[in-house]
Amino acid sequence: MSQVIELKSHPLVSHNLALLRSKDTDSQRFRESAQRLSTMVMVAATESLNTVEQTVETPMKSTSEMILAEDVWLIPILRAGLAMVDVGLNLIPEAHVGFIGLYRDEATLQPKHYYKNLPDFSESAHACLILDPMLATGGSSVAAIQMLKDEGASDISLLTLICAPEGIKEVFAKHPDVSIFTASVDEHLNEVGYIVPGLGDAGDRYFGT
Ligand code: PRP
Ligand code: URA
């Protein structure tokens with residue numbers, strides 16, 4: 001698949017990216033714009049979920065609608081991925097939530113794994129949506145995707161708010177079967193692995209730390 005869906009051309013996406021990026025945006029407004037952007041990314045990423053036809057009786061007549069035919073798993077990468085979970089559960093109340101704890105070692109930029117709570121995905125039809133606002137070097141996302149595959153997951157999408165081209169390249173080199181949905185593909189990484197222009201440290205800004 002190897003596709004990146006970038007939503008920045010939508011006026012509401014661009015408007016909220018401006019809020020999210022600004023160093024003058026406080027944590028409350030940062031959280032609000034992150035949630036609005038996550039909603040738009042989530043809607044795009046769920047467009048191709050598998051569905052099945054169901055008959056519905058309205059007060060007027062019988063009709064049919066397509067309803068979800070597979071389990072949806074939201075998998076936030078802690079911490080910053082938590083920013084996108086409530087949005088996912090609001091849109092898909094039937095969704096399940098698994099967790100992957102990773103942080104980037106600031107010196108080596110390598111992901112350090114500290115927590116995992118995932119099911120055996122091989123038992124039923126599923127779609128896994130990995131949630132992490134930032135894709136920088138790609139190390140964290142590549143590790144998270146591998147952890148899902150190790151548990152039997154096969155249908156995996158990565159939902160982010162901002163990506164660096166370097167991270168996209170790394171994800172596709174290791175996992176060409178994964179699709180990436182994002183509000184923005186930014187310019188590049190700086191010498192310490194931060195996305196430029198980016199927004200700074202997503203977890204710190206979202207949680208006010
Ligand atoms: C951030 C971000 C990603 C990772 C991206 O997390 O939320 O998980 O960095 O960087 P990468 O693509 O180079 O791996 P961070 O390590 O700051 O942890 P946090 O969410 O706990 O703040
Ligand atoms: N993680 C962040 O939170 N921001 C970046 O720019 C890169 C990694």
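Contact is taken here to mean heavy atoms within 4.5 Å. The structure is a predicted model, in which local features need pLDDT of at least 70 and side-chain atom pairs count only at pLDDT 80 or more, while totals for chains, interfaces and linings use all residues. Residues are numbered from 1 along each chain as its sequence is written, and side-chain values use heavy atoms, with hydrogens and water left out.

Residue S140 lies in helix α4, where helices (H or I, at least four residues) and strands (E, at least two) are DSSP runs numbered from the N terminus. With residues up to four places away in sequence not counted, S140 touches I77, L102, R104 and P111. Its relative accessibility is 16%, so S140 counts as buried (under 20% relative accessible area, with exposed over 50% and partly exposed in between, for a 1.4 Å probe and protein chains only).

Helix α4 (residues 139-150) packs with helix α5 (residues 165-174) at an angle of about 25°, the axes being 9 Å apart; axes are lines fitted to C-alpha atoms, for helices over the stretch in contact, and angles run from 0 to 180 degrees between N-to-C directions. The angle makes α4 roughly parallel to α5 (angles under 35 degrees count as roughly parallel, over 145 as roughly antiparallel, 65 to 115 as roughly perpendicular and the rest as oblique). On the α4 side the contact is made by S141, V142 and I145, and on the α5 side by E170, V171 and K174.

For α1 and α2, the packing angle is about 150° and the axes are 9 Å apart; these two helices are therefore roughly antiparallel to each other. Here L12, V13, N16, L17, L19 and L20 of α1 meet R29, F30, S33, A34, R36, L37 and M40 of α2.

Leaving aside neighbours within four places in sequence, L161 is in contact with several residues, including L17, L20, A34, L37 and V41.

Technical notes: Chains are lettered from A and ligands numbered from 1 in the order in which they are written.
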